[in-house]
Amino acid sequence: MKFYQLERDPSPRYTGYLNAAHKWGLPGLEPCPTCKCGGAGAGLEYPCVDLSSLPPHELKKLSDFWPVPLKEIERLREVVRPLVPPGAMLEPGTLFGPLQGTGVGYFGQLDLYVPWALCLRREALERLQEAGVRGLQGCPTRIRFRTKHAPTLLEMQMELHGQLHPDCLPPDLQPPCPTCGNDFLTLPDPIILDAATLPSEPDLFRLRQSGTLIVANERFVETVRRLELDGVLFLELEVR
């Protein structure tokens, strides 16, 4: 099985732009007392997760992304955990709820509105599902388009699977921080995936070790190409 990284097609015709964000999320982390790192990560997004049933005082805290102490992050994790999918990672900066905002321009059938988040036109998702692509979950966005022919975009909620192969990791990589769990990992170049950790399905997923990397298997890629769906390019990744 081959695996691919998704990249936005740079062709001039794809002028689509979203000024949009998710309503809720875990706040950023204040500098850790042990490793001194803090802030918020990117790539952990659960647009299908509805937090509206939580008490107003909790929703207020989940709508403010200003950094907070680690104890508050840990508490808020447990507040949202019953509402998220099994196995979800809940790191500082994890986002929830539908994408909302405004949009303008022309969007392909698939669109990486940022490198770590993927939207599909509704008709593209339906065609992929009818063609047998497995494990796709699209969540309706709340985008107001300032364009004549407004698309109906759905943001993909993707499971986390797979690891990087040790051969592409730096030899001096520090172990995770014992206090906050920060693993000090940045996405290597080149990327090499560990074959033993990769799933046979779903056909589209985020890399568990680095959620900013969206990975598609060859079943997904071949189906996109056969259906002539546009908007993204596929870069084959090395697997060992």
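How much space lies in the second largest pocket? About 270 Å³ lies there. The model is predicted: local features require pLDDT of at least 70, side-chain atom pairs count only at pLDDT 80 or more, and totals for chains, interfaces and linings use all residues. Residues are numbered from 1 along each chain as its sequence is written, and side-chain values use heavy atoms, with hydrogens and water left out.

A pocket is defined on a 1 Å grid over the protein atoms alone, as an open set of points where a 1.4 Å probe fits, with protein on both sides within 12 Å along at least five of seven lines. Lining residues have an atom within 4 Å of a point. Points are joined across faces, edges and corners, and a volume is the space filled by probe spheres set on the points. The second largest pocket is lined by 22 residues. His22, Glu45, Leu95, Tyr113 and Trp116 lie nearest its centre. Strands E2 (17-25), E4 (95-104) and E5 (110-114) each supply at least two lining residues. E2 gives the most, with six. Strands (E, at least two residues) and helices (H or I, at least four) are DSSP runs, numbered from the N terminus. By class, this lining holds 15 nonpolar, six polar and one charged residue. Here Ala, Val, Leu, Ile, Met, Phe, Trp, Tyr, Cys and Pro count as nonpolar, Asp, Glu, Lys and Arg as charged, and the others, Gly among them, as polar.

The largest pocket has a volume of about 770 Å³. Of its 30 lining residues, Gly41, Glu91, Gly181, Asn182 and Asp183 are the closest to the centre. Helix H2 (70-80) and strand E13 (210-217) are the elements that give two or more residues to this lining. The largest share, three residues, comes from E13. The lining of the largest pocket comprises 13 nonpolar, 13 polar and four charged residues.

E13 also belongs to an open sheet of five strands, ordered E10-E12-E13-E1-E14, with mixed pairing. Two strands pair if DSSP finds at least two bridges between them. E10 and E14 are the edge strands, each pairing on one side only. E1 and E13 run antiparallel and are joined by three bridges. Tyr4 stands opposite Ala216 in E13.

The largest nonpolar core has 24 residues. Such a core is a set of buried Ala, Val, Leu, Ile, Met, Phe, Trp, Tyr and Cys residues joined through side-chain atoms within 4.5 Å. Leu118, Leu128, Leu204, Phe220 and Phe234 have the most contacts inside this core. Among the elements giving it two or more residues are E1 (3-8), E13, helix H4 (218-226) and E14 (232-236). Beyond four places in sequence, Phe234 touches Tyr4, Gln5, Leu6, Ala216, Phe220, Val221, Val224 and Arg225 (contact: heavy atoms within 4.5 Å). A second, separate core of 17 residues includes Trp24, Leu44, Leu59 and Phe96.

Two loop prolines were examined. Pro188 lies between strands E10 (160-161) and E11 (192-193). Pro188 is buried, because its relative accessible area is 14% (buried is under 20%, exposed over 50%, partly exposed in between; 1.4 Å probe, protein chains only). Leaving aside neighbours within four places in sequence, Pro188 contacts Leu164 and Cys168. Pro33 is found in the loop between E2 and strand E3 (45-46). Pro33 is exposed, with a relative accessible area of 63%. Pro33 and Ile214 are 181 residues apart in sequence and 32 Å apart in space, C-alpha to C-alpha.
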